[in-house]
Amino acid sequence: MIRLENVSRIFAVGDQQVAALRGIDLNIAAGDYVSIMGPSGSGKSTLLNLIGLLDRPSSGTYRLDGGDVTDLSDEQQAKVRSEKVGFVFQAFHLVPRLTAAMNIELPLILAGIPADERKARVEELMENYGLTDRADHRPDQLSGGQRQRVAIARATSMRPTVLLADEPTGNLDQATGKEVMNLLEQLVAQQVTLIVVTHDPIIGGRAARQVRMVDGQITGETGQFVGRAMPAETERRAEPDLR
Amino acid sequence: MKFVDVVQFASGSLRGSRTRALLMMLAMSIGVAAVVVLTGLGEGARRYVVNQFSSLGTNLLIVFPGRTETTGFGPGMLLGQIPREITLDDAQALLRSRAIGRIAPLTVGASQISRDALNREVAVLGSTADLLEVRHMSIGQGQFLPAGDVYSSESVCVLGAKLKRELFGQQNAIGAWVRLGDRRFRVIGVLAIQGESMGFNTDEIVIVPVASAHMLFNTSGLFRILVEAKSRDTIERAKQDAEQILSGRHGERDVTVITQDAVLATFDRILRALTLAVAGIAAISLAVAGILIMNVMLIAVSQRVREIGLLKALGAPAAQIRNLFFAEAILLSGIGSVAGLILGEIGTRVIAQIYPALPVSAPWWAVLAAFGTALGTGILFSVWPARRAARLDPVMALARS
């Protein structure tokens, strides 16, 4: 399903080269539930962006569904994202001027799906996520949990095979965070590959497979921590602030 | 993404920043309205002049004494010569030309007109019966100057409508006597109200036979001869004939013949150039509106960086994002232009209400040009913002807070 071979990602910050990912090898099978954990700056978000085709590796190869997607053009990347990948973000990233229903509909609109089919799908999704009575509310009229439910509904509206969640519970309290995780895990049961990036060990610990990252490298899997003492300085430098 | 959805999405994001969009459209519509109203005014002025000219008569030639030519230092200047006058005989001689249909000699002077205790200064026009036709005048009451011998100095006169009202009020003027200078004239007709044309108000004149006017002002010369060519095609022939006949009689070419068409064409050209110039100035405001659109779109892009990042993450390719911003700009300038056209139309109507004499209406080419320029600048100036949006790196865009 997802196959990363010796993938590196190097950012140029000023005249310095900073490696956010170094020699990553990762295989994820269809329907896997994987969490990627590590301290901030360990490169886990960069890895997620690479998997989600929002970014390109500086070296190495990336195969998705058997096809090599390492060197796709922007347009081809967009097409793969549209058809196969769903994103759930920490900050929800809902469009503030659109209602909940319209936010869920957005990927379908972008993909050019006919209006009546869109309507049916959105209605089904809103019912599945208990949002029917919130359909006409704007994001600022929704609670954090509701917003993330809208975001998950949106991420699944194109029926992706891979769902990427970057700190999906980061802006939520514990109870709502648990609810959201339950919703995401239900998708795994429907053969969706779920990859969750988190620094929260409780959230990460729920995954069947747990990958640990430090300083742009995978240091261990499923609890078996291959520790390596890292100087704090390197850790900070590893993922540059791109803002 | 379907076309309808692009339009819907773009109008949705415009509604998201309503004030800005409305201000933008206002700027655009003022630009378009300015072009429409100003070209309408220029075109109205042009048509006004053309109408005025054709109300003077059709296929007209005007003969007046003297040559309007720069001749340099000639003997005439040395002797302080004034041009030889044109006489009534000269005028009658013009009728020999087969190209000329009718003529109306004109003598102009000012005199005191009085009736009982009422008196005022008045412009006196000496002419013949044909003036009515040649000059496209119409009679309100009674009759015009009698046809027949142009040399007879009958003591009859025709009053302008306003002059009649001032001297006689509501009373009947036909058959009454008025005094012009030291002579008495019987009123035989009153002109219909015609108003002013080319700075000459026929409502405030008195018309007498040309011979009577000559006696009144103690002269034998004519101020002008109005010549009507038989048809539009013979205007040039008539002009040549008139010049030839008069120079034959005078021994030299000492008259000027101008055709109404030539004068009209000159005015037409001048006013058209003026209209274009004014339209050009108004079009500058459209360019300014275009730059405003660019500014608005750039702000929109930087304000919606996160949204653009999201759209990319949801699978929108760069071209689609560019199209969305394009659509926004086209909507902005399109709605602005339409509003401007409506505004311009209203402005034109208001001006037409205030100045009914001026046939104000924007020519179709100006309306099209205003609309096209508005839409064009809108699109042109949104190319850069749209490209900037399309090129955003989604990872950075999403990380922006």
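1. The structure, a predicted model, holds 1 cavity of 30 Å³ or more. On a 1 Å grid over the protein atoms alone, a cavity is a set of points where a 1.4 Å probe fits but cannot get out, and lining residues have an atom within 4 Å of a point.

2. The lining of the largest cavity includes A:Arg81, A:Phe87, A:Met158 and B:Leu314. Its residues divide into 7 nonpolar, 2 polar and 2 charged; Ala, Val, Leu, Ile, Met, Phe, Trp, Tyr, Cys and Pro count as nonpolar, Asp, Glu, Lys and Arg as charged, and the others as polar.

3. Over all chains there is 1 aromatic pair, formed by A:Phe87 and A:Phe89, which are stacked at 5.7 Å centre to centre with 5 degrees between the planes. Rings of Phe, Tyr and Trp (its six-membered ring) pair if their centres lie within 6.5 Å, and planes under 30 degrees apart count as stacked. A:Phe87 is buried at 3% relative accessibility, and A:Phe89 is buried at 8% (buried means under 20% relative accessible area, with a 1.4 Å probe and protein chains only).

4. A:Arg9 lies over the face of A:Phe11, 4.3 Å from the ring centre, and A:Arg97 lies over the face of B:Phe9 at 5.1 Å. For Arg, this requires CZ within 6 Å of the ring centre and within 35 degrees of the ring normal.

5. Residues are numbered from 1 along each chain as its sequence is written, and chains are lettered from A in the order in which they are written. Local features need pLDDT of at least 70, and side-chain atom pairs count only at pLDDT 80 or more, while totals for chains, interfaces and linings use all residues; side-chain values use heavy atoms, without hydrogens and water.

Notes. Rings of Phe, Tyr and Trp (its six-membered ring) pair if their centres lie within 6.5 Å; planes under 30 degrees apart count as stacked, over 60 as edge-to-face and the rest as tilted. Buried means under 20% relative accessible area, exposed over 50%, partly exposed in between (1.4 Å probe, protein chains only). On a 1 Å grid over the protein atoms alone, a cavity is a set of points where a 1.4 Å probe fits but cannot get out, and a pocket is an open set with protein on both sides within 12 Å along at least five of seven lines; lining residues have an atom within 4 Å of a point. Grid points are joined across faces, edges and corners, and a volume is the space filled by probe spheres set on the points.
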